[in-house]
Structures are given as structure tokens and as C-alpha cells.
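The sequence and the model are shown first.

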Amino acid sequence: MARYCILIIAGLLTFTTLGLPLSAEAQPQSPYQRGLEQLYRGQVEDALSTWEESYEDSERVDSRIGFEYIRIITEREFDDHFETATEMYYKAVMNGSGVNSRIALRQEIERLKAIVGDGIYRQWTEWWEAQNNELRTDIRGYWIQLDPTPSRTVNERLIEHWQRIAESRNRFTKNNSTIYGTDERAMIYVRYGEPDRVQTGILTLQDLNVKPWLERQIVLREDHTGDDVEARQSRDRMGESGSGAYSAMQTDALEYVIYDNHRYPEYEIWFYDDITTTGNEPVPYIFGTNIRTDQFELRSGIEEFIPERAYNVDAFGEREITDFTRSGLTPALMLQMLYYEQLSTIDP
């Protein structure tokens, strides 16, 4: 037994003599890891000092530190650190070294996608894949070009960008589908800031509104279709119940398929007065429930609140409304008109 103990001690001494670590815990932490640990303990100022010193002591840096530093500063509104945050951000972009820095720079390209547009984003992605150093100077140049006060160290537009990211993380939390850990409202907010007007709600259907609306559509259709007018007159001459009963039968069938395809989607519409069409009308950004994934996303139009099957005339099934199916009317078209009518009070 004593012999085995001696062998174990000798082995440990050998590892120590060779300078090899006894365990992973014995390895020295990097400045980035030390700062994260201090943050976890609530020692925010100590973490910031650790990261500041690491950037002062070395020309080649860990880019993760610069990006994390500006994130913490803007989240907590440490105004007196804005200049340092700007300098460390530039150094993270320009002087990052190692695999971790390369990955961090790729993540920063994703964070910038919302404001630079598809063209620049594709170019930066290509440069990153080719490890072209032009990428670093181009990102830095992008921010210098946007700097409203070039004579000062702090870049207010860069700080504002990260403040918008921080605000997005606090507010847009219906799901996690973006690089910011938010729902897609953050992509527009980071790009344009606070909207001038916001309207929110749920697209609803109510019998008191749907039935009269359907009856109006049927009357309008009968008045504008020669065959239907003749059929209606024929029924009246024969003493049948007439268009009133005919409409009631159709409205019941149409109402059924409307409700069968309605999903009560939530919506949120943003208006920016400075972003207008050629007719000087504000461009609305529509967010809402993706009825296929249940995610809250940017929508291209009201039509995306309607299930795909509603666009098929077969959705009517065997109901007695074949004349409507022949004319190309679908549940989707009816829902679309009902939704637009409901939202017209927000913006015509």
C-alpha cells in the first residue's frame, strides 16, 4: 500500500515539474472569463476594470471583450464610460485575434444586418469567410461615417445603436428569433428607433358584424350578376321565399367557413412618419402571429394572418354555395375583406 502511495505522489510531482496543470480548474482564466465571473457575482465595476486593463496591456485583443463591454455600458446607461466603450469597440473590430475573436466578429455582422442592408451584409459575410482584413476597416469606417461628432471620442450613433439593442431585449420578448434574443420587432426598432404611432389588437369576428357584412356582399353580388338577378326574379314569380331565404342559407354556410378558417391573430402595427411612400403616406410595419408557427413576426401583409387552406375553393366543402365557388370566391378573400375593414379605422 505504501508503495502505491509513493508512486501516486511521484506522478503528481512529475506533472508539477513539467508545468502541466493538475486539473482544468487550475488553468488561469482569460480576462474575458474573469470579467464574466465578476459580472455573475455582481461586481460590475471590477469586471469593467478587468476588461479595460486587458485592452490597455495588449495590442492583439479578444474581440468578445469589446463587444461585451459596450453591451454592459449601454444596458446600464453608464454615461461616463461611453468614450471608453467606443474605443474598445473599434479595437475589438480592428485588433481581434484568435478563433474566439473571429466568431465574435461574425456575430457582430449579424447584429449589424438590421441597419446596413442586404448588400453590405453579403459583402461583409464574403469578406469574413475569405478572412479578408478589408472587413475590419469597412466596419470601422461605417461607424465613423455615421458619427455625428467626429471631433469627439464617443460615437453617439454607435452608442445609440447598442442602446436600441438593450431596449429591444427588455421589450420585445414574445419569442426568441433574432440575433438579439428577441422577437422580430427588434429588427425594425434597431434600424429606425421608436415608431411615431403604434396600434395593437386582435383580429376578431363577431356575429353582429359578420352576418350583416355577408348579406351586403350577397346583395351586391346579385345586383351585379345578370344570372343571379334572373334567378331571383324567377323565384319571386314562383312564389318562393325569395332572395331573403336564399341569402340566409348562403350567409349561414359562408359564416361557417369564415369562422372555420379564422385564427384570432394578434397584431401590432408601427408607423414612422418620416418613412413614406411616393404619395407621402407613412409606411406601416405589420407584426403579428404567424398562424403556422405561433411566432410573433414581421408580416408582409394582412393576408399572412389567413391559413393557406382558406385560399382554396375546396374549403367550402359540400355546402350549398357552388355559385360562389364558380366565381372564384374563397374563404381567404372574405377574411381578407373583413380584416381590412376592421383595420381601416387605424389607417385607411
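## Helix packing, a buried aspartate and confidence

Helices α4 and α6 are oblique to each other, as angles under 35 degrees count as roughly parallel, over 145 as roughly antiparallel, 65 to 115 as roughly perpendicular and the rest as oblique. The axes of α4 (residues 63–75) and α6 (residues 99–129) cross at roughly 40 degrees and come within 7 Å. In α4, Ser63, Arg64 and Phe67 meet α6 residues that include Asn100, Ala104 and Arg111; contact means heavy atoms within 4.5 Å. The residues of this contact divide into three nonpolar, three polar and three charged.

This is a predicted model, in which local features need pLDDT of at least 70, side-chain atom pairs count only at pLDDT 80 or more, and totals for chains, interfaces and linings use all residues. Residues are numbered from 1 along each chain as its sequence is written, and side-chain values use heavy atoms, with hydrogens and water left out.

Asp183 sits in the loop between α8 (156–171) and α9 (185–192). Asp183 counts as buried because its relative accessibility is 0%, buried meaning under 20% relative accessible area. Among the residues that Asp183 touches are Phe172, Asn175 and Phe296.

| Backbone nitrogen | Distance to a polar side-chain atom of Asp183 |
|---|---|
| Thr173 | 3.4 Å |
| Lys174 | 3.1 Å |

The chain averages a pLDDT of 82, pLDDT being the predictor's confidence in each residue, from 0 to 100. Over residues 1–20, pLDDT stays under 50, and over residues 226–246 pLDDT also stays under 50. Where pLDDT is low, the predicted coordinates should not be read in detail.

Notes. Axes fitted to C-alpha atoms, helices over the stretch in contact; angles between N-to-C directions. Helix = DSSP H or I, 4+ residues; strand = E, 2+ residues; numbered from the N terminus. Nonpolar A, V, L, I, M, F, W, Y, C, P; charged D, E, K, R; others polar. Buried < 20%, exposed > 50% of the residue type's maximum accessible area, 1.4 Å probe, protein only. Polar contact = N/O pair within 3.5 Å; in protein donor to acceptor, adjacent residues only side chain to side chain. Lists of a residue's contacts leave out its neighbours within four places in sequence.
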